[in-house]
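Good morning, and thank you for joining this meeting. Please look at the structure as I go through its charged contacts.

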Amino acid sequence: MIFKALQKHTVLIASISIIFICTLMVFFATESSYNNIEQASLWVRNYFGYFYLYLGLGCVLLLLGVALSPLGTIKLGKPDAKPEHSLWAWTAMLYSAGMGSGILLRAVQEPVFMQQHPPYTSALPAETLALEYTFYQWGLTAWAFYGLFAMVVGYALYVKRKHVRISATVEDEIQSETIRKSVDVITIITTVFGLVAAIGLGTTQIKGGLNHVFKAELGMTTILVLCVGISCIACYSAWQGVNKGIKLFSKLNIIITLFILLFIFVTSDMLAILNAFAQSTFHYIIDFIPMSLTLGDYNPGMAFLTDWTFYYWAFWLAWAPFTGIFIARISKGRTLRQLLLGVLMIPSLGTFFWFSVFGTSAFQLIEGMETYSNEFGNVFSSIFVFFQHYPMASVLNLTTILLLVSFLVTSVDSAVFVLSMFTDKGSKDPNKKHRVIWSVFILLATIALVLLGNVKPDIDVLGTVSKLLIITSLPFAFFILIMIAIFLKDVVKFKKSIPKR
C-alpha cells in the first residue's frame, strides 16, 4: 500500500524531501551553506552570464519570428475555440504572476541607482540612460523567457493534449521516465525557493512600510503573522481555482496599481514623464541588440553585469517554467501570435511607463535637493520615502502595503496551483489536497528561513535563497535549447499537416 502511494506521488515526495533536506542543511550548517551558495552563484554568473544574455536575445528574436510567421496562426485549442479569459483578465493574471511585488520594490530605487551609477558611458542624459537600462532589465527579455515556456507548454497542452508538466514538452523525444521526472522535480524545487524568497522579501518590505507609516519598530512577529496571513489567503484563492480566486486577486492588483500609477502621474510633471517614456523607449528599441550583446560602449563591465544583469536574467529564467505554465494554463483559445505578442508587448510597455512615472519624478525630487544622501537607496523603504513628497502620503503608503500583500497572494496562489498540477499527474484542475499540501509546505519553509534569518542576523538568509535560483536556473538554460529544437521540429510538422483553405 505504501509502495503504491510512493510510486503514485514520486514527484511530490522527491521534491518535498529534497527541499526539506536543503532546509535542514541551511539551518544546521548556516555559514558553510551560505558560503557554498555564494560561491556557486558567482561561478554560474561569471562563467554562464554571457550565455544567459545570448539566450535571452535569442528567445526574444525566436518569439517574434514565430508570432509574425505562419506558425503564429496556430490556435491553442480547437480551431473554433474562443479565448477562455478576456484580454483584461488575462493581462491582469499574467502580470500579477510574472512581476508582482518586484515593481514596487524597484519602482524608485533601481532607476535612481542607474542614474547615480550609470552602467556605461553614454552621450545620453543620465536620466534617459537610467530608464533605458531599467527597461532593459525588466522588459522584453524577461517576458520572452516566460513567453517561451507559455508557448511550448500551451502547444503541448492544448494542441497535443499533453499533461501540464514541463517534461511533457519533450516526452515524445525523451523516453526515459527518470529524466522526465527529474526535469519536473528541478522545476518544483526552483519554484519553491523562488516563492520562499519572494514571500520573505515581500513581507520584509511590508514591515518596512508599516514601520514608516506608524513610526513603529515592528519586528519578527509581524513578519511571521504576515507570512501566515498571506499563505492562508493564497491557499483559499488556489482552492477556489483560476476562475474565482486567482482571477479576482489579479484584477484587484491591476486596479490598485493603476490607481497609484495615475495618482503619481497626474500630481507630477506629466509632460516630462511622457517625454522620458518616449525617449527611453525609443533608445531601448534601437539599443536593444547591442545592449544584449554588450557590444563596444554598451558593455557595463563584468562587475556591474554580475551584480545586476546576469542576476536578473538568471532570476527571470528560474521563474520562467512556473510563470510560463501558468500563462499557458490561462491562454486557451488564443493563437500563438496573440499569446506571444501579448506577453511580450503589453506588460513590457506597462512596466516601462511605471518606471518612467516613478523614475522621472524621483529624478526631479533629487534635482530639487541641496544634496542627495541616498534617501532612495534602500530597496525596502525607497517607495515609502518617495511618497512623503506627495499629497495623501499616508493613503498612498497604506494602499501600497495592501498592494504588496495582494501581489504576494497572487504570486503564491498561482504557484501553488501550478505545483499542484505538477504533482497531481499534470492535471489541469489539480486535486485540492495537493493545493493544501503545497500551501502548508511553502508556509513552513518560509517560516523556517525567516526564523533562521533572525537567528543569524549577520547572514542574509533570504538573499541566499534568492541566489539559489541562479544556480537552479542553469539546468533550465540548457534544457531550453533542447525544448526549442523539439518544439520547432514538431510545430513545423503540425503546420504542414493542416489542410489549406
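E173 has a relative accessible area of 43% and is therefore partly exposed; buried means under 20%, exposed over 50%, and partly exposed in between, with a 1.4 Å probe and protein chains only. This is a predicted model, in which local features need pLDDT of at least 70 and side-chain atom pairs count only at pLDDT 80 or more, while totals for chains, interfaces and linings use all residues. Residues are numbered from 1 along each chain as its sequence is written, and side-chain values use heavy atoms, with hydrogens and water left out.

Which residue does E173 meet in a salt bridge? The partner is K489, at 3.5 Å from N to O. The two are 316 residues apart, E173 being in the loop between α8 and α9 (177-214) and K489 in helix α19 (residues 461-497). Helices here are DSSP runs of H or I with at least four residues, numbered from the N terminus. K489 counts as exposed because its relative accessibility is 56%.

A salt bridge requires a side-chain nitrogen of Lys or Arg within 4 Å of a carboxyl oxygen of Asp or Glu, and by this rule the count is five. Another of them joins E177 to K181, with the closest N and O atoms 3.1 Å apart. Both residues lie in helix α9, four residues apart, about one turn of the helix. E177 is partly exposed at 47%, and K181 is also partly exposed, at 24%.

K162 and E171 form a further salt bridge, at 3.0 Å between the closest N and O atoms. Here K162 is buried, at 18%, whereas E171 is partly exposed, at 27%.
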